[in-house]
Amino acid sequence: MAPDVEFLDMMTETVGIKPWASQDEYTEPTYGASVNYKARVSGKRTMVRNAEGQEVVSSKSVYLGQYLDVTTKDEITLPDGTKPPVLSVKQSPDDAGGYATVLYLE
């Protein structure tokens with residue numbers, strides 16, 4: 001089932017996501033090529049659990065109108081050029097299955 005048209009109409013911004021590939025000998029992360037996605041960036045503060053299971057406060061949420069296999073190791077570039085860490089990722093299903101990905105950022 002395709003996402004709701006009204007939901008997709010909210011995707012007025014573009015974010016870039018680089019998938020984590022590995023880390024170099026200095027433990028610095030390396031990434032794959034950046035891919036741009038239509039998104040909705042919200043400044044709403046939300047309590048989430050990070051990859052270590054700790055409760056942390058997210059200062060921004062990014063809504064993507066499709067299911068993406070994004071992890072907390074991936075790098076996101078917001079429309080303003082900032083690259084905040086991804087704290088948590090949630091798949092938001094509809095009645096027919098997952099169609100939205102929500103990224104919670106530091």
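Reader: Where is Gly 16 found in this predicted model?

Author: Gly 16 lies in strand 1. Strand 1 covers residues 13-18.

Reader: Is Gly 16 buried or exposed?

Author: Buried means under 20% relative accessible area. Gly 16 has a relative accessible area of 6%, so it counts as buried.

Reader: Which residues does Gly 16 touch, not counting residues up to four places away in sequence?

Author: Gly 16 touches Ser 34, Val 35 and Asn 36, and also Glu 75, Ile 76 and Thr 77. Take Ile 76 as a case: it is 60 residues from Gly 16 in sequence, yet the two C-alpha atoms are 5.6 Å apart in space.

Reader: With which residues is Ile 17 in contact, leaving aside its neighbours within four places in sequence?

Author: Ala 33, Ser 34, Val 35 and Tyr 37 are in contact with Ile 17.

Reader: How should I read the largest nonpolar core, and how many residues has it?

Author: In soluble globular proteins, nonpolar side chains tend to be buried together. Here the largest nonpolar core has 14 residues. Val 15, Ile 17, Val 62, Leu 64, Ile 76 and Leu 103 have the most contacts inside it. At least two residues of this core come from each of strand 1 (13-18), strand 4 (35-42), strand 7 (60-64) and strand 10 (97-105). Strand 4 gives the most, with 3 residues.

Reader: Where is the place of Leu 78, and is it buried or exposed?

Author: Leu 78 is in the loop between strand 8 and strand 9 (86-94). Its relative accessibility is 5%, so Leu 78 counts as buried. Leaving out residues up to four places away in sequence, Leu 78 touches Val 15, Val 41, Lys 60, Val 62, Pro 84 and Leu 105. Glu 13 is 65 residues from Leu 78 along the chain, and their C-alpha atoms are separated by 8.7 Å.

Reader: What is the phi of Thr 27?

Author: Thr 27 has a positive phi of about 65°, although it is not a glycine. Thr 27 sits in the loop between strand 2 (20-23) and strand 3 (29-31). With a relative accessible area of 54%, Thr 27 is exposed.

Reader: How many aromatic pairs does a search of the whole structure find?

Author: A pair of aromatic rings is described by the distance of the centres and the angle of the planes. In this case the search finds 0 aromatic pairs. There is a charge to consider at one ring, however: the charged end of Lys 73 sits over the ring of Trp 20, 4.1 Å from its centre.

Reader: How many helices and strands are in the protein, and what share of its residues count as buried?

Author: The protein has 1 helix and 10 strands. From the N terminus on, the order is α-β-β-β-β-β-β-β-β-β-β. Of the 106 residues, 30% count as buried. Among contacts with a separation of 6 or more, 49% join residues 24 or more positions apart.

Reader: Where is confidence lowest, and where is it highest?

Author: Confidence is lowest in helix 1 (residues 5-9), at a mean of 68. It is highest in strand 8 (residues 75-77), at 98. The protein averages a pLDDT of 89, and 89% of the residues score at least 70.

How values were computed:
Residues are numbered from 1 along each chain as its sequence is written. This is a predicted model: local features need pLDDT of at least 70, side-chain atom pairs count only at pLDDT 80 or more; totals for chains, interfaces and linings use all residues. Side-chain values use heavy atoms; hydrogens and water are left out. Rings of Phe, Tyr and Trp (its six-membered ring) pair if their centres lie within 6.5 Å; planes under 30 degrees apart count as stacked, over 60 as edge-to-face and the rest as tilted. A charge sits over a ring if NZ of Lys or CZ of Arg is within 6 Å of the ring centre and within 35 degrees of the ring normal. A nonpolar core is a set of buried Ala, Val, Leu, Ile, Met, Phe, Trp, Tyr and Cys residues joined through side-chain atoms within 4.5 Å. Buried means under 20% relative accessible area, exposed over 50%, partly exposed in between (1.4 Å probe, protein chains only). Helices (H or I, at least four residues) and strands (E, at least two) are DSSP runs, numbered from the N terminus. Contact means heavy atoms within 4.5 Å. pLDDT is the predictor's confidence in each residue, from 0 to 100.
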